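Please read these notes with the structure open beside you. They go through a few features, one at a time.

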Amino acid sequence: MTRVGVVGIGHGVFGRRSDASVQELAFEAYREAVQDAKLDPAEIQASVIGAVPEYHKQRSVGGVVQEYLNLNPRPTWLTEVACASGSAAIRTAWMAIRSGMHEVVAVIGCQKMTELTTAEILALMGRVGDVQWESVFGTTFPGYYAMFAQRHRHEFGTTDEQLAQVAIKNHYYGARNEKALFRKEVTLEKALASDPVASPLRVYDCCANADGAACVILAAEPRAREITDKTVWLDGLGCASASMSVLRRPDLTGLPSAVDASRQAYAMAGIAPRDVKVADVHDCFTIAEIMAYEDLGFCGRGEGGAFVAERQSYIGGATPVNVDGGLKAKGHPIGATGVSMTYEIVKQLRGECGERQVPGADVGLTHNVGGIGQYCFVHVYRRD
Amino acid sequence: MSIVFEWFGKVSYSPHTKIADFARHLKDGRLMASRCRQCGYVSFPPRADCPQCLSGEFAFQELTGAGEVVTFTRIDAAPAGFEDLAPFVVGVVDLAEGGRLLAWFGDTIPEGDIAIGMPVQVVPRIFEEIEEIKVYYSLERPGTSWVKTDSS
């Protein structure tokens, strides 16, 4: 079987980027990826763009990105599955290559989230749940994860301090990542004293919106080895969905789509959870990272709070997680996030992460969630 | 023909639906599930189309509204249209007759008393302070009573 691997990676600076349009953000990441692969752009046969359209004033944002990257008239399409749009782009690029249709495909995840006014953001925020039965009661995105957290606390005794430990870890590593939005460490006292958002979640339990882009270039096996000798292979892919409505979820202590997607990805790659040496998981809220440890099998159900409190997700622990700062400290430009995770894992497997390097990282994983788990993509990467 | 489902919720986002009469029944004081006329599948929230046998034939079936709290949160940062209510507490409830529902806690349950596992009564409500017809349901202490009227 033809293997598909990542031959080039690029990443812009995440943050409030009032200096740049969405296509300019995309270009920053694209340029870096093309230069990283030392590739003639003429060799890129197609692009897949991950973005969530409703944040951009430009309708059909993929069109303006494709034009600005000077990739016309090559084929392009956009993937949208909320915050997992970037990973959906990677999955479809992998499929396009494995089908034999294309040999080299560029994946661009990009999102400009600060074009909207606060009023527009507040209006969007009110429509994340099922609009017919839930949004009519004013539910919010943090509100859903807060209800997961409340249930997790009820069943397993997960504490506010354990939630805050996720933020402390991710800010610790974010402070050491030059591409991150927040480059400052946070203390337990400060995290616990921050303003309430949706109980038990506080400001420091939530990631921040950001503008940004990331790019990876995928290629099929024989060609990939000609392009570079540092290809990182995408050997396991899993994808699953779960109900839009929280009312159709029997278990509110985890994301069933993440459990399903990870089992598929592990089986395809022929590995077990303990084989993962480094992971980037979807920590849109601190509770989301704790549930991810459990859904991915890094620890048992209900043990996620202790896992982070005992530093098992730090470098040196059982499974280092989000040692790039995660969504929490890096910022979360939603279409870019899945590609940003991939950028980090590829760098880790190449051994290029400096003081944040996980020693001996040969197998890495990304876990990218859309919405409140309506969609989940899990990818397993391996170096030669 | 008026769009009856616009009545449901303080803000109505998606009023076009085949189960629009749910709002009319709620206004009359009745909480309705859907029941498939072919295979008997019961759903709350109600749905017009059966996920089991694919039939589009359904009937409404009244629920008692008895339930138990599964989870809850106090929302401080409210979305557009709900700022005047914040902070408010929403809860997810397992209904005794099957299905789940999300709603605000009403006046009969002080915030400090709210706990996972507590029994509640789902009560049909009308927004008194809003001039147009606006209906919802709230989570109240078991035994709370309300008025039922004949279909208008």
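1. Basis. This is a predicted model, in which local features need pLDDT of at least 70 and side-chain atom pairs count only at pLDDT 80 or more, while totals for chains, interfaces and linings use all residues. Residues are numbered from 1 along each chain as its sequence is written, chains are lettered from A and ligands numbered from 1 in the order in which they are written, and side-chain values use heavy atoms, with hydrogens and water left out.

2. Size of the interface. Chain B gives 38 residues to the contact and chain A gives 31 residues; contact means heavy atoms within 4.5 Å. The area buried between them is about 3,000 Å², and carbon and sulfur atoms give 68% of this. Buried area is the accessible area (1.4 Å probe) that two parts lose on being put together, summed over both. On the side of chain B, the residues that lose the most area to chain A are B:Tyr13, B:Arg100 and B:Leu102, together 22% of what that side buries.

3. The interface does have 14 residue pairs in polar contact, both at pLDDT 80 or more. A polar contact is a pair of N or O atoms within 3.5 Å; within protein, one must be able to donate a hydrogen and the other to accept it, and residues adjacent in sequence count only if both atoms are side-chain atoms. The side of chain B that touches chain A divides into 27 nonpolar, six polar and five charged residues. Here Ala, Val, Leu, Ile, Met, Phe, Trp, Tyr, Cys and Pro count as nonpolar, Asp, Glu, Lys and Arg as charged, and the others, Gly among them, as polar.

4. Helix H3 of chain A. Helices (H or I, at least four residues) and strands (E, at least two) are DSSP runs, numbered from the N terminus. Is H3(A) enclosed or open? Ten of its 14 residues are buried, so H3(A) is largely enclosed by the rest of the structure. Buried means under 20% relative accessible area, exposed over 50%, and partly exposed in between (1.4 Å probe, protein chains only). Among the buried residues are A:Ile90, A:Trp94 and A:Ile97.

5. Salt bridges. The count over all chains is 36. One of them joins A:Asp19 and A:Arg17 (2.9 Å, N to O); A:Asp19 is exposed, at 54% relative accessible area, whereas A:Arg17 is buried, at 10%. Another joins A:Glu221 and A:Arg225 (3.3 Å, N to O). Both residues lie in helix H8 (residues 221-227) of chain A, four residues apart, about one turn of the helix.

6. A:His282. This residue sits in the loop between strand E9 (278-280) and helix H10 (286-295) of chain A, and A:His282 is buried, with a relative accessible area of 1%. Among the residues that A:His282 touches, not counting those up to four places away in sequence, are A:Cys83, A:His332 and A:His367. The side chain of A:His282 also makes a polar contact with the side chain of A:Asn368 (3.1 Å).

Technical notes: Salt bridge = Lys/Arg side-chain N within 4 Å of Asp/Glu carboxyl O.
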